[in-house]
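Here are my notes on the model you sent. They run from the whole chain down to single residues.

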Amino acid sequence: EGSLWIGASSGRGLNRLRDGKVFAYTIGEGLVHDNVGAVLADRGGSVWMGTFQGLSRLADGTFTSFTSKDGLEHESVVALAEDQKGRVWISTPAGADRWNGATFTHFSVRDGFRRGPAVVPDQEGNVWISAPKGLHRVGPDDQRTSYTETDGLPAVPGGRPFVDRDGILWFGSRAGLFRRGTDGRFAQLPLEGLPQGSKQIVLQ
């Protein structure tokens with residue numbers, strides 16, 4: 001609809017910029033909490049907001065909210081993503097939750113997932129989730145595969161995945177930049193001048 005949606009973690013809720021005008025959605029309009037740290041516009045036209053105290057969805061002008069009472073494992077939402085099947089992934093300090101339109105599925109810290117993980121869908125229906133060391137891949141049918149040092153990833157904590165427009169998976173960490181090859185293994189790019197500790201990736 002030509003709108004720009006802006007979440008405000010400063011307590012100003014969700015802001016919609018359209019035709020040069022800003023309209024704020026807050027608790028008064030139905031938002032679960034006014035501190036918004038993550039925003040996602042899905043393919044169905046809904047806008048999702050991750051807040052410090054739960055998850056909200058704005059669809060057809062109506063808010064629906066989800067908290068721990070509705071199955072969300074942790075109410076502080078760090079990031080949001082949508083996979084190829086239209087399911088919404090929610091990153092929290094307890095790991096990751098997935099909403100299929102009816103229920104939540106948990107991918108928790110207890111199962112080896114990271115607190116507040118990066119959640120990155122790819123073009124093949126997989127979802128890549130950062131682990132304490134390495135990566136987890138959740139396949140289209142929920143097959144789970146872990147990638148670690150034996151697959152070419154660095155043996156250091158942290159790191160974030162990124163999928164570029166060509167479908168190539170990258171992994172940035174304190175040990176450098178890695179790219180997944182067609183054989184499924186990761187190889188480090190010997191880039192001179194790459195700053196130490198670089199791990200935030202935007203490639204387009």
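**Notes on the predicted model**

1. **Secondary structure.** The chain has 19 strands and 0 helices. Bear in mind throughout that this is a predicted model.

2. **Overall dimensions.** The radius of gyration is 18 Å; a compact globule of 204 residues would have one near 17 Å, so the chain agrees with that expectation. Along the principal axes, the C-alpha trace spans about 50 × 35 × 25 Å.

3. **Burial and surface.** Buried residues make up 45% of the 204 in the chain. The accessible surface comes to about 10600 Å². Carbon and sulfur atoms account for 47% of that surface.

4. **Contact range.** Take the contacts between residues at least 6 apart in sequence. Of these, 36% join residues at least 24 apart.

5. **Aromatic pairs.** How many aromatic pairs does a search of the whole structure find? The count is 11. One to look at is phenylalanine 66 with tryptophan 99: the ring centres are 4.7 Å apart and the planes meet at 55°, so the pair is tilted.

6. Phenylalanine 66 belongs to strand S7 (residues 62–66). Tryptophan 99 belongs to strand S10 (residues 95–99). Buried or exposed? Both phenylalanine 66 and tryptophan 99 are buried.

7. **Aromatic cluster.** Four residues form one aromatic cluster: Trp5, Phe23, Tyr25 and Phe63.

8. Strand S4 (residues 36–41) pairs with strand S5 (residues 47–51). The sense is antiparallel, over 5 bridges. Within this pairing, alanine 38 has glycine 50 in S5 as its bridge partner. The two strands form a hairpin, with 5 residues between them. Glycine 45, in the turn, has a positive phi of about 100°.

9. **Glycine 101.** Which loop holds glycine 101? The one between S10 and strand S11 (104–108). Its relative accessibility is 52%; exposed means over 50%, so glycine 101 counts as exposed. Glycine 86 is 15 residues away from glycine 101 in sequence. In space, the C-alpha to C-alpha distance between these two glycines is 9.0 Å.

10. **Points to inspect on screen.** Start with the tilted pair of phenylalanine 66 and tryptophan 99. Then go to the turn with glycine 45. Finish at the exposed glycine 101.

Conventions:
Residues numbered from 1 in each chain as written. Predicted model: local features only at pLDDT ≥ 70, side-chain atom pairs only at ≥ 80, totals over all residues. Heavy atoms only, no water. Phe/Tyr/Trp six-rings, centres within 6.5 Å; stacked < 30°, edge-to-face > 60°. Helix = DSSP H or I, 4+ residues; strand = E, 2+ residues; numbered from the N terminus. Buried < 20%, exposed > 50% of the residue type's maximum accessible area, 1.4 Å probe, protein only. Pairing = 2+ DSSP bridges. Rg over C-alpha atoms; globule rule 2.2 N^0.38 Å. Contact = heavy atoms within 4.5 Å. Areas by Shrake-Rupley, 256 points an atom, 1.4 Å probe, with all protein chains shown as cover.
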